[in-house]
Amino acid sequence: MIEFQQVKKWYGSYQVLHDVSERVEKGEVVVVCGPSGSGKSTLIRTINRLEPIQEGKILVDGIDPNSRDVDINQFRTAIGFVFQQFNLFPHLSVLSNLMLAPVKIRRMSKAAAKELAMSLLARVGLENKPHAYPDQLSGGQQQRVAIARCLAMSPPIMLFDEPTSALDPEMVGEVLQVMKQLASEGMTMICVTHEMGFAREVADRVWFMADGAVLERAPPEVFFNSPTHPRAKRFISDIRSA
């Protein structure tokens with residue numbers, strides 16, 4: 001579903017991604033972890049060209065997002081992206097946030113879009129909040145609305161960029177529960193997260209990044225119990241001693 005081929009990226013003279021060559025299969029859940037500044041968020045932002053690359057190639061279901069022939073706005077409609085800071089439209093109600101893209105981009109009728117939005121709010125446990133505005137919701141509720149808004153476009157791929165890092169600890173679980181549900185339904189997902197319990201429970205594979213490179217990739221039971229790369233060993237040791 002997603003393939004990185006010797007991907008390199010620079011910010012000016014600083015190289016943030018080094019020869020990344022990885023694959024994500026359809027229906028696979030990959031958790032990307034590693035120390036801060038290792039290139040994790042940059043990596044997933046290259047998938048829908050929020051960050052352009054300078055060398056290498058990325059294929060998403062056979063399509064190269066960096067090709068001049070690609071309508072990038074159309075391409076992005078097939079990839080759900082959940083940000084750290086929710087990015088809801090503050091002047092729109094929850095219901096309007098969810099209906100906007102299906103109506104404007106998919107040309108769905110307002111009645112059908114409303115029905116879809118209400119079903120998605122029920123799916124994320126917020127069926128009683130359609131007329132609330134983002135500033136009336138907790139952080140966890142806002143993030144669940146953000147996930148539902150992505151799902152309104154029926155994306156085959158969902159990307160999560162540290163979706164719980166801006167949340168108070170008691171709100172983290174409600175967002176992770178929605179992500180676990182998506183994973184159980186076979187959604188292809190890449191999740192940048194520090195939630196190692198989620199990685200253990202849900203991931204098919206864990207990618208460990210440091211200094212802009214994927215240094216280890218393994219099923220969670222292998223990664224957490226017997227990592228091979230020295231940087232990964234240190235990372236696991238630091239988690240255990242925290």
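View 1. At 38% relative accessibility, Glu55 counts as partly exposed (buried is under 20% relative accessible area, exposed over 50%, partly exposed in between; 1.4 Å probe, protein chains only). The side chain of Glu55 forms a salt bridge with that of Lys8, at 3.5 Å from N to O (a side-chain nitrogen of Lys or Arg within 4 Å of a carboxyl oxygen of Asp or Glu). This pair links strand 4 to strand 1 across 47 residues (strands are DSSP runs of E, at least two residues; helices are runs of H or I, at least four; both are numbered from the N terminus). The model is predicted: local features need pLDDT of at least 70, side-chain atom pairs count only at pLDDT 80 or more, and totals for chains, interfaces and linings use all residues. Residues are numbered from 1 along each chain as its sequence is written, and side-chain values use heavy atoms, without hydrogens and water.

**View 2. The surroundings of Lys9.** Lys9, in strand 1, is buried at 3% relative accessibility. The closest N and O atoms of its salt bridge with Glu51 are 3.6 Å apart. Glu51 belongs to the loop between helix 1 (40-45) and strand 4, so its pairing with Lys9 ties together parts 42 residues apart in sequence. Glu51 is likewise buried, at 16%.

**View 3. A network of salt bridges.** Glu3, Arg23 and Glu25 are linked in a network of salt bridges. Glu25 is partly exposed at 38% relative accessibility, and Arg23 is partly exposed at 44%.
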